[in-house]
Amino acid sequence: MIQINSEKIPEEFAQYLQNNSDIEKVGNLQITLAMDEAKNKTIIVHQYSKAPLLTQKALHYDVANPAMAYLFLMSSSGGILQGDRHHIQISVQNNAIANVTTQGATRIYKMESNYAAQFIDITVGDNAYLEFLPDQIIPYKKSRYFQRVQMTAGADSTIVYSEIVMPGRVAMGELFDYDLCYLKMVAKNKNGKTLFMDSLKLDPKHEFSRMGILGTKSVFGTMYIITKKEQLQKISDEINSVLENSDLTSGCSFLPEDCGLVVKILGDLSEDIKTLMHQCVRVVRKHVLDSSFAELRKT
């Protein structure tokens, strides 16, 4: 096991550290959002960034959810490079509501040495609501990437987190030509109790096209929904109805101790999976916020 400060990196990445001179570049982004009761909208109350990570001011363009802050995470490097060690911390304080996405796809560039890692910490306070819906991850040929996400949920809070993983730069003929893509998810309540853990290790040396793994599909997405237990059954029923009416291969299950739901989707195109995920978000908003969901505005 490799150790970066307090972060543990799976031992599979040790083979890519050829020498001690490998340069590690640390990007940092910290954002705290809170509800401005006087203005009845969620605003940024703390922001710190270190290149290449950055964000812009909160936008409030949603007529159906005027209190919701919309944020875009950006990178001046256009992607994740060898040696990058990015740390992102997003805190949504009590009663605030926010949607966070990325400016575009997360591109994991080709690497000659070392690997890249990104650590995302999401904390949502009591009665707060956060959607974290980044664009797809694209691991380029010969890339190695580790991502650890930790979500901490307050009482009666809701977190919707999604990720879509591409097989590579499909237009360039790259299909599972990366070295390693390792995604780890940990969710806890505000008292530190672990709600669930999920890990996904994609090593293209193994065959993905087998039954029970990807089959004939090449793009897959995962959505985690943590919300109040009394809302879960209705949300689950409606999401299952949405999935059954889709041509994509998908499923929805309860998370341990009924802390939430997990949705898994397989497809051939990231846009198809994203569209289906947005339909799931529409269900969550209906039951939690009693409001609608429109397409995310990227321009």
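Let me begin with Asn114, which sits in the loop between strand E9 (106-108) and strand E10 (116-124), where strands (E, at least two residues) and helices (H or I, at least four) are DSSP runs numbered from the N terminus. What we have here is a predicted model, in which local features need pLDDT of at least 70 and side-chain atom pairs count only at pLDDT 80 or more, while totals for chains, interfaces and linings use all residues. Residues are numbered from 1 along each chain as its sequence is written, and side-chain values use heavy atoms, with hydrogens and water left out.

Asn114 has a phi near 65°, a positive value in a residue other than glycine. Most residues other than glycine have a negative phi, and most peptide bonds are trans. The bond from Ala51 to Pro52, however, is cis, with omega near 10°, and Pro52 lies in the loop between strand E4 (41-50) and strand E5 (53-55).

Turning to the helices, H1 (residues 229-244) and H2 (residues 270-288) pack at an angle of about 150°, with their axes 10 Å apart; axes are lines fitted to C-alpha atoms, for helices over the stretch in contact, and angles run from 0 to 180 degrees between N-to-C directions. That makes H1 roughly antiparallel to H2, a term for angles over 145 degrees.

Finally, how many cavities of 30 Å³ or more does the structure hold? There is one, and the largest cavity has a volume of about 80 Å³. A cavity here is a set of points, on a 1 Å grid over the protein atoms alone, where a 1.4 Å probe fits but cannot get out, and lining residues have an atom within 4 Å of a point; the volume is the space filled by probe spheres set on the points. Strands E13 (144-153), E15 (180-189), E16 (194-202) and E17 (219-226) each supply at least two residues of that lining, which includes Gln147, Glu163, Asp198 and Lys264.

Notes
Angles under 35 degrees count as roughly parallel, over 145 as roughly antiparallel, 65 to 115 as roughly perpendicular and the rest as oblique. On a 1 Å grid over the protein atoms alone, a cavity is a set of points where a 1.4 Å probe fits but cannot get out, and a pocket is an open set with protein on both sides within 12 Å along at least five of seven lines; lining residues have an atom within 4 Å of a point.
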